[in-house]
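I set out each point as I looked it up.

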Amino acid sequence: MDDDASPIERVSLDDPRLRAIAAEELHQRLNRIPVAVAGPLVEVQLTSKFAGLLAQHPDAAGLLLSMDGAPVAYAVTADVADSADAVRLCDIAVSATARGRGVGGRLLSIILGEADAAEAVVTLSVWHDAPARGWYERRGFAVAGGDGDGYLEMRREPAGEYPSIHSVA
């Protein structure tokens, strides 16, 4: 990735720059639908997506990564309600113009670095056969539950944490 990436900026989920990246991704999925029809569908879907995230995780916040002054990726993270030492990765996306340049990996590395510094576990959900599953596994996440034919729960322990060694003597 280029070295011109700015630090992460913390933003609300209604930040128009974050929503523009999310909208771009949705428009790509609806690329065969006329823009006049797809536009309102995307807006409804974005509103529903972020309202759902906030309903489930009221403290959810956006993290925005820019390159050359332009936003190119975002993530949404939240504290895990029943754990003081866990962070939930709710969403992550990279704009089409920045894909394949290590931007998503950089954004995730920043999130993992912050979690490691706080000695926090990072959790997420991913579809069982999504390419993202392997991407997360290569970054230290392991399947921790879920439905083998649907969404899987994944978990990454803080770096440097080792299982306890029990004496057999």
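How many residues lie between S6 and S7 in their hairpin? I counted four residues between the two strands. I note at the outset that the model is predicted.

I located S6 at residues 142-146 and S7 at residues 151-156. I found that S6 and S7 pair in the antiparallel sense over four bridges. As a point of reference, I recorded that valine 143 stands opposite methionine 154 in S7.

Entry on the whole sheet. I then traced the sheet to which these strands belong, an open sheet of seven strands in the order S1-S2-S3-S4-S5-S7-S6. I noted that its pairing is mixed. I found S1 (9-11) and S6 at the edges; each has a single partner strand, so one side of each is left without a neighbour in the sheet. With direction ignored, I read that neighbouring strands are turned by 35 degrees against each other on average.

Entry on a parallel pair. I looked up S4 (residues 86-94) and S5 (residues 121-127), which run parallel and are joined by three bridges. Here I saw alanine 86 opposite valine 121 in S5.

Entry on the helices. I recorded that helix H1 (residues 16-29) packs on the sheet and touches S1, S2 (61-67), S3 (70-79) and S4. The direction of H1 makes about 100 degrees with that of S3. I also found helix H2 (residues 35-56) packed on the sheet, where H2 touches S3 and S4. For H2, I noted an angle of about 35 degrees with the direction of S3.

Conventions: Residues are numbered from 1 along each chain as its sequence is written. This is a predicted model: local features need pLDDT of at least 70, side-chain atom pairs count only at pLDDT 80 or more; totals for chains, interfaces and linings use all residues. Side-chain values use heavy atoms; hydrogens and water are left out. Two strands pair if DSSP finds at least two bridges between them. Axes are lines fitted to C-alpha atoms, for helices over the stretch in contact, and angles run from 0 to 180 degrees between N-to-C directions. Contact means heavy atoms within 4.5 Å.
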